[in-house]
Amino acid sequence: MRASISCPPPNGPLLMGRGGTRRAGGGGPGWRASRRLRGCGSQSWRLSGCPRQYCAGRHHHHSRRVWPGCWTRRARRPPRQLRHPLQPSLPPPRPVPMEEMEEELKCPVCGSFYREPIILPCSHNLCQACARNILVQTPESESPQSRRASGSGVSDYDYLDLDKMSLYSEADSGYGSYGGFASAPTTPCQKSPNGVRVFPPAMPPPATHLSPALAPVPRNSCITCPQCHRSLILDDRGLRGFPKNRVLEGVIDRYQQSKAAALKCQLCEKAPKEATVMCEQCDVFYCDPCRLRCHPPRGPLAKHRLVPPAQGRVSRRLSPRKVSTCTDHELENHSMYCVQCKMPVCYQCLEEGKHSSHEVKALGAMWKLHKSQLSQALNGLSDRAKEAKEFLVQLRNMVQQIQENSVEFEACLVAQCDALIDALNRRKAQLLARVNKEHEHKLKVVRDQISHCTVKLRQTTGLMEYCLEVIKENDPSGFLQISDALIRRVHLTEDQWGKGTLTPRMTTDFDLSLDNSPLLQSIHQLDFVQVKASSPVPATPILQLEECCTHNNSATLSWKQPPLSTVPADGYILELDDGNGGQFREVYVGKETMCTVDGLHFNSTYNARVKAFNKTGVSPYSKTLVLQTSEVAWFAFDPGSAHSDIILSNDNLTVTCSSYDDRVVLGKTGFSKGVHYWELTVDRYDNHPDPAFGVARMDVMKDVMLGKDDKAWAITEGGITKGATIGVLLDLNRKNLTFFINDEQQGPIAFDNVEGLFFPAVSLNRNVQVTLHTGLPVPDFYSSRASIA
């Protein structure tokens, strides 16, 4: 009979084998146990004392060291669990509520509790039925047999190789491409109830009452883990090549018992119904429809015993748990632990299997060791979980505190703004009182003057009437007696009217001017200040006037920090108004101390200022700099926006074309405000071409005559010859366009309601060459006419 040596004491007995004598668990390169003890004549050997009496003459290399307690066991008998004498006792990990581990007990494919779970090489679990459902058949050329025949030498369980040639990628679009290791048709993936992606079955599962592990598996099948997406080609054993997770089954049984939930049918495909019976031989719970379909009361199943689900649960709990057997040798129990492969093995694996040269240790010792390691890891994880719970409590408290602080802060903000509004209302009342006082003063002065003037006018009118009546008298002597006095009175009264009496003593205008710009600026700058300011705001920048200048419609400004400033600035903010005395706006924010602003209006006055900022806040504004743009524009043609057939020369002032078709070229400067005038002289004019002169928008068509689309306004005919001068006057203040040829206006205003951004434009072909003249003042007659209008 055969006897196997297993589970030696953890302090390292000497075991004999065909490869020599090695110490188990002694830290050496490992040992290989002998499977047979020949010639001993007994079914089971217990070695106590020196075993040489049983093997003298047969194992001449046996060590003379005697270890009491070495023992053997019969094959397929569960191994004894020994406590490691050197393993320190550890406190058990803190208990975790069982309801929180429910997700750990559910299959990632079906979303239900595991049923007969198997362990994949990646350490993830699957139901046997679900594992069959996600099998994908690979081509014959990629089967394990063909790979071995081709000499590839790749093991079906070589997990590192499988990892390198994974059939599924996280970065793909939902399809598995089986290239390299297992070439198979691409199969769309699906989502399981747990949210992971799985592959659909390559073929519908057969309707059979057999266990999924016993049902035949298609040849050359490949399975992909739905959690880590690593793949494996199955060998001839199929799903039987994967070990069963008996521990997980036990945990699920205890969990379901603790939940005391109604037992569900294990064969329902979608929503499991409540089970009505349990087959003790099949160890499966059935509902009535599934029992009639999968477990008929006839044939070989007629002798099976069906019991109520509750009784089946009790019998399942009381029945001895199935002992896990070796996947390579199904009739052998696990007896040792392979350190290199990190898996339990049987004695046949050690004797003639692929673990024969690997280091192995006692199963019981490794069981205790891994239990202690898991307990230690769980203690650390428990501490992290406890910290996480405390942190969650802290975060929830923070939510409540944030809400309370937000209400309090809003109340303070409203109170501060209301205080500002109240102060502004009080100041408004004071200013209105001053206005009313000024109003009453003006009215009093005007009314007094009206009263005084009325009295004087009445006296004057009375004197005039009296004098007219005196003149009517015919008595010369009587008239002469009073005439001198009347004449003096009349002159005196006239003189009194001529000494400012008829000039108003008070104007109707109110000589009160309210400057609210500082207050508006302060309101716009009203912002929150960080309480924990570690440094003051930077100093006010200084504009370097010697480096600030304007050119055409662009302005360049330069500034610097004060020489004695010790507070660094993180950046600067440059502001300009709109050129018409309007509000300032930001035109630059950054770390540079020089900035050029393009696209300003011609003949306009701009105000510029700059301020510095850092993490604490912003500095006061610098002094305001007044910038005056050019009255007239100096510009040339723009080669960047011109058609590719355009030829430029004379510093881009002279233009012609290489094509017989009309091509468009624009000026470099655009106009949106003011009055602008430029001229073009015709240098060459052959074969009666048809050039066009005018203005256009930036997106005008460049390969047709100017004015053919709605983006250009131009003149194309009328007195244009060689040597002619064409003048273009763009008045954006009045929104019109006027043309001149040899200083003579061509008809009335050519275009009205011209508004927007316009560029000088010309279209010509190879028969025409023109030269641009800019920086010209507006014609005198137009300026005088505009002033009269």
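Analyst: Let's start with the rule for aromatic pairs: two rings of Phe, Tyr or Trp (its six-membered ring) pair if their centres lie within 6.5 Å, and the planes count as stacked when under 30 degrees apart, edge-to-face when over 60, and tilted for the rest. With that rule, a search of the whole structure finds nine aromatic pairs.

User: What makes the pair of Phe 635 and Phe 671 edge-to-face?

Analyst: Their centres are 5.9 Å apart and their planes 70 degrees apart. Phe 635 sits in the loop between strand E27 (625-628) and strand E28 (646-649), while Phe 671 sits in the loop between strand E30 (663-666) and strand E31 (675-685), so the pair ties together parts 36 residues apart in sequence. Ring pairs also link Phe 602, Phe 635, Phe 671 and Trp 678 into a cluster.

User: What should I know about the model before going further?

Analyst: This is a predicted model, in which local features need pLDDT of at least 70, side-chain atom pairs count only at pLDDT 80 or more, and totals for chains, interfaces and linings use all residues. Residues are numbered from 1 along each chain as its sequence is written, and side-chain values use heavy atoms, with hydrogens and water left out.

User: How many helices and strands does the protein chain have, and how are they defined?

Analyst: The protein chain has twelve helices and 38 strands. They are DSSP runs numbered from the N terminus: helices are H or I with at least four residues, strands are E with at least two.

User: What share of the protein chain is buried, and what does the word mean?

Analyst: Of the 789 residues, 38% are buried. The word stands for under 20% relative accessible area, with exposed for over 50% and partly exposed in between (1.4 Å probe, protein chains only). The accessible surface of the chain comes to about 46,600 Å², and 54% of that belongs to carbon and sulfur atoms; the areas come from the Shrake-Rupley method with a 1.4 Å probe, and for residues only the protein chains shown count as cover.

User: How do you know that the length of helix H10 agrees with its number of residues?

Analyst: The expected span is 1.5 Å times one less than the number of residues. For the 22 residues of H10 (residues 476-497) that should give 32 Å, and the end C-alpha atoms are 30 Å apart, which agrees. H10 also bends by about 40 degrees at Ser 483, the bend being the angle between axes fitted to the seven residues ending there and the seven starting there.

User: What do the buried residues of H10 pack against?

Analyst: They pack against helix H9 (363-471); the buried residues in question are Ser 483, Leu 486, Thr 493 and Trp 497. On the H9 side, Val 470 is buried at 8% relative accessible area. Leaving aside neighbours within four places in sequence, Val 470 is in contact (heavy atoms within 4.5 Å) with Phe 479, Ile 482 and Leu 486. Thr 460 also lies in H9 and is buried at 13%. Not counting residues up to four places away in sequence, Thr 460 touches Thr 493 and Trp 497.

User: What makes Arg 609 count as lying over the face of Tyr 621?

Analyst: A charge sits over a ring if NZ of Lys or CZ of Arg is within 6 Å of the ring centre and within 35 degrees of the ring normal. Arg 609 lies over the face of Tyr 621 at 3.8 Å from the ring centre, and Arg 766 lies over the face of Tyr 660 at 4.7 Å.
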